[in-house]
Amino acid sequence: MSAAGRLRDTRSIIVVSGVLVVVVLALPQVLDAFWTRRITLWIPLALAALGLNLLTGYNGQISVGHGALYGVGAYSTALILNEWKWPQLAAIAASAVICFVAGVAVGLPALRIKGLYLALVTLAVATLFPQVLEQFSGTTGGSAGLAITNQEMNRRGVLADRAIRVEAPTWTGLADDQWAYYVFLAVAALCFLVVRNLVRSRVGRSMIAIRDNEVAAEVSGVNVAIVKVLTFGVSAALAGVGGAIFAILQARVSSGSFTLVASLYFLVAVVVGGSASIAGPAIGAVAIGLFQDVVTPALPESVTPWDLNAKAATPLILGTMLILLMLAAPGGIVGSARQLRARLAVRAQRPADGPIPTPTTGGTP
Amino acid sequence: MSELLQYVFIGLGNGAVYAMVGLGLVVIYRSTGLLNFAQGELAMFATFGVWTLHEAGLPIWLALLGGMAIGFAIGAIVHQVVVRPVGDPHQKPLAVVIVTIGLFLGFNALAQLIWGTNEKEFATLFGNSEVDVLGTLVDWQKLGALGILAAEALVFWVIFQKTKVGLGMRAVASNPESSALVGIPVTRILMIGWGLAVSVGAVAGAVWAPTPGLSSNLMQLPLIYGFAAITLGGFDSFVGAVVGGLFVGVLTDVVPRYVDAFEKMTLAPAFLVILVVLLVRPQGIFGRKVVSRV
Amino acid sequence: MKRTPMRHGAATLAVALLALSACGRDADTKSTDTGDDGDTTSTESGGGFIDPAQDCSDYDGTAGITGDTIKIGTVRPASGPYAIYDTVTKGLEALVTATNSKGGVKAGDGKTYKLELVKGDDGYDPARTPAEVERLVDQEKVFAIVGEIGTSNNLAVRQTLNDKCIPSIGLATGSTEWGKAKEYPWFIGGLPSYATEAHHLMEWLKKEKPAAKIALLYQDDDFGKAYQASIETSIEGSDITVVAEESFNPLTETSPESKVAALSASGADVFFVGIGGSPCPAAVKAVPANWTPLTLVSVTCTGKLAMALAGGKDEGLVAVQATYDPGTAADQSNPKIKAFFDEGGAAGLSQGDLEGGIAAAGWGFGSMFVKGLELTDTVDRASLMNALWQLDGVNYGLMLDDAKASTKGGDDPWVIEDLRIVKRQAGSWNEIAPLTSYDGTSNDFAG
C-alpha cells in the first residue's frame, strides 16, 4: 500500500475508533437503567473472551475450560468480599492473581500435552468444577449459590445481610448503574490495552511463533515452556477479572453459571468476533449479548400457523446462525472486515477495475 | 468381593455406552480430523428415530436397524451440507469446532421441537431380567451392551482393515489431497465416515436410553465420558475407544465406592488417570504419535 | 447440562397439589373452619405483616393494574436442557386462561379482574434471571411475579424484588430458604418445604417401622441436602437410624446405579430416594432383585412420567402428597381434578400434560395468586401480600379437600403444611395415612 493509502487508512481508523469511543461512553447516558445494566454484563463476557483469545487465537492452545477459570475469579471475589470486606477493585485484582496461579496450574500439563488432547484436559477442568463446588458447599454454597452481602441496617432498623451494590460517589452525579458501567469499562479497557501491548511485544511474537510452528519456534530460541504456561496464566487472569466483575454485578455466584456451556460461549465469542485480533473478543461479546438480551426476548412465544414455539427454537436459531457465519466468514466478524478492507485496497490500487479515486483522497500514484 | 463385582459390572455396562460414543468420535476424528462436539446430539436424534419407529409398531430390534439407517443418512447429510463446506479442520480448527457447537445447539432444540421435553420410556433391547454371574446379579441389558460393543468393535475392525472403504478412509485421513489424486472418492469416504459415526451413535443411544428415559438431554453426559474414553485410549484408535470407555466406566463406578475423597467427585479418578497417561504418552494409550514437520 | 430437569418439575407435582383455584372458592371463607391456629390475626406493624410505608422506598402499590386487568409475570426455562419445566408455566398459563374465560377473579374489593401473563425465559441459568425479572418489572410493569421456577433462580432476584416491594408468589421450589419471610416478606413459596416432606415421612416411619434402618440416596445440592438435614433432625431420639448414605450429582453423574448397589449392601430395610428428575426412577429401577426395602421417594418423583420410567418397579413406593394427583384414577373423580381437566383442557393443555403432574403444579401456583386476590380487601401489592400472610385455613387449587392453608407472616411462612402419605398400588397413589398438619412448624425441620 502506498504511503498516502496508509495515511488514509490510519486516518479512517482514528475516525472510526473515535466515533466508537464516543458511542461507548455515551451509551449509559442514552440508555435507561435497565439497558445500562444489560450492557454492563457484556463486559465480563468480553474479558473472558479476551483471555481465551490470547490463549487460543494467539497461542493456538484450545481451551474449553475457561468457564471454570471465570468461576474461580467469581468465587474468589465473592469470598474475599464476604469474609474480608475488601474494596471491590482490590477483590478484582486479587482474583486476577488467584486465577493466574490457577491458570498456570491448568497450563502445566500443556508442556507435554498438545492440541486437541489439551482441549480435553481443559474439558475435564470444566466438568469437574461444579463437582468441586458441591464438594465444598459449606464454603461455596453449592448449587443454591452464595450471596455476596454486607451487614446493613434495614428499613426497620434491624442489622441484616444485604446484597452488595456498586455505588456511585456523589461527586460524579451518576446513577449507580452508570457508574458501574464506567468503572468496569475502564477495567476492561485497561485489560485490552495490556493484551494489545503484550501481543506486540517479544513475548507476544513468541506466542504467535509457537502457534504457527512450535518446533520452528523452539529452534529459533523461544522458550516454549515458559511462554505457553505464562500465556495460560495471563489468559486465566483475564477470565478471572471477568468472573470477578460478573460476581460483583450479580452480587451472587452459583455453580449453574460456570458450566461447560459457559466455556463454549466464550469460545463462540472469540470465534464470532474474530480470533487473534484485539477487538474480536469485544465484538463477539457484543454479538452474544445482543442475541441474549435483544433477540431472544423479542422472539414470539408461538408462530402461527404451525403453532411453532419460537422460544424453544432459540438454540436452533443460534446454532444455525453460528453455522452460517462460519460458512460465510470463518475468520469471524473481524476477519471479514479485514478481508473487505483488503479487497477495497486492492481495488483502489487497480483503478481500471474499481471506481476512479477522487483526487482529494490521494488516489494511487 | 461380590459387591466389588457388582460395581464392576455396573461400570462395564455404563462404560460400554461411553465406548460406543467414543467409537463414533474416533470414526470422525480419523476421517475428518476433528473432535465432534455434536456427536452426542446427533446420536440422540437418531435414537429418537429408533423410538419413533418402535412406537409405530416395529419390534425394537428392527426399529434399531431403522434408526441406524436414519442416523447414517443424518451423518452423511450433515457432513455434506454443513461440515464439508466450512473447509479443512486442519486449516480452520476453530471454525469447525464452532460448527459442531452450532450442530449441538441446533439438534438439541430440534429434538425438543419435534418430540417435546418429557422423558420417554424406552424399551430395553434385552428385557428387564437379571442373571447370576459369579454370584452377582447382573442385568441382561448390561451383558447385552457388552456384546453389542464387541460386535461393533469387530465390524469396525473389518471395515477399516479389510475393505476398500476402510483403506480409503485411512488414506484420506493421512492425506486427503494425494488420496484424491490417486482416485479415491474422498467426499464419499467422508460421508460414509460421518454416517457410520451417527449410526453407531444410534446404537449407543438405544442402549443407554432405558436408564434415564429418552429426552433431548440423553447423550450430554455420555458425550463427556466418551471424550474421556478417547482421550485415554487415543483419538484415532478404535481399540482405545473400547478399552478407554470400559475403563472410565469401571473407574467412575468403583473407585468412589472405596475412596472417600472421591465420593462426590466421581469423575476425578478418571481424569487423574487420563492426566497421568497423557503426561507419559501424550497421544493416548493406543494413539499414534503425530510427527510434526517443520 | 446442569441441574436435573424435574427436580422442581416433580415438585410441580407437589405443587399440583396445592393448586386448586377453581374449587377453593366456596370452601375458603374464614368462618368455615375453626382451625386451632388460624383464629388470631397477626398485627405486626400497623395491621399487616408488611407495612409499605416502612418497608419500601418507591412504593407503587397498583403498578401493573390497568382498568380491570392485572398483569403478572413469570420466569422459566423455555429452551435448553431444562425446558421440561416450561410445562409448569403452561399450567399457570392455562389457569390464567381458564380464570379469564370464567369472567375473571372477583377480588375482595368487589371488583372483577382479568389476568394477563407475561413470560420471561432464563434458560434455568440463575445468572440470566435478574435480567428477565427486571424486564418484567421495569419494562412490562407487572404487578407480581407468580410461579417463577428454580431455587437459585428465585434467590438470584430475592434482594431486588424485596427491595422494590414486588410480590413473588407461589415460587416453584420447596427450598427451606422460603421460610425466611421475616427477612424477605415479599416471597412466598408455592410448594411444601422439602424438609417438612422428609419430616412427615420420618414421623410415619416411627409408627410403621420404629426400628427402621435407612439407606439414604440424596441429590448433591440444596434440594437433596434439605432432605438429608431434615431426616437427621427428625429421627433424633428414635430408634430409626441412617445406616448408609450416598449422594448423587445429576449434573455430572450419568446413573445412580452403583450408589444404589452400595446402599443395597448396607442391610437397610428402608430406601429413601431424595433425588429428582429422571435419576429418581432410574434409582428405583436399579434396586437389585435381592434387596426388598420399603422405598420412599421424593414428591418430585411421583408423577406419571417418572413412574413410567421406573421399569415396572414402582409398585409399593411410598411418598408424601399435599394435592390430588391428576395421574391417579382414584383422584380423577375428584371435582377439583375434574375441573382441572375440563378447564385446563379447554385452555389448551394436552391430555399428557393434564395427567403428567407438572402442569398441575403451575395451575396450583396460579391458584395461590387468585386466592390471594379473592381474599384481599384492597387490590394493591402490600394488601395482597398481607392477605396471603394471614391465610386462615383456606383451601385452593388441587389441594386435598381436608387440607388447610394457614400462614402468619414471619412466624408461619409456609402455606402448604398439611400432608398425607400415599402408596403406589397398581399404578395409582392410594392414601395409607391420613392428612397430618404441620402448620406453623415447617421451619423447625430445616436442620
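Guide: Happy to. One term to begin with: buried means under 20% relative accessible area, exposed over 50%, and partly exposed in between (1.4 Å probe, protein chains only). This is a predicted model, where local features need pLDDT of at least 70, side-chain atom pairs count only at pLDDT 80 or more, and totals for chains, interfaces and linings use all residues. Residues are numbered from 1 along each chain as its sequence is written, chains are lettered from A and ligands numbered from 1 in the order in which they are written, and side-chain values use heavy atoms, with hydrogens and water left out.

Visitor: Thanks! Are Cys280(C) and Cys301(C) buried or exposed?

Guide: Both Cys280(C) and Cys301(C) are buried. They form a disulfide (a pair of cysteine sulfur atoms within 2.5 Å), with 2.0 Å between the sulfurs. Cys280(C) sits in helix α10 and Cys301(C) in the loop between β11 (294-297) and α11 of chain C, so the bond ties together parts 21 residues apart in sequence. Helices (H or I, at least four residues) and strands (E, at least two) are DSSP runs, numbered from the N terminus.

Visitor: How many disulfides over all chains?

Guide: The count is 2. Cys56(C) is also joined to Cys165(C), S to S 1.9 Å. That pair links distant parts of the chain, 109 residues apart: Cys56(C) is in the loop between α3 (52-55) and β1 (65-66), and Cys165(C) in the loop between α6 (151-164) and β6 (168-171) of chain C. Cys56(C) and Cys165(C) are buried, and their link is left-handed, with -105° about the S-S bond.

Visitor: New topic: how many residues do chain C and chain B bring to their contact?

Guide: Chain C brings 38 residues and chain B 35, where contact means heavy atoms within 4.5 Å.

Visitor: Which salt bridges are there across that interface?

Guide: The rule finds 2 salt bridges, each a side-chain nitrogen of Lys or Arg within 4 Å of a carboxyl oxygen of Asp or Glu. One of them pairs Lys142(B) with Glu257(C), at 2.2 Å, N to O.

Visitor: Which elements of chain C touch chain B?

Guide: β9 (241-248), α9 (257-264), α10 (279-285) and α11 (304-308) of chain C each give two or more residues to that side. The largest share, 5 residues, comes from α9(C).
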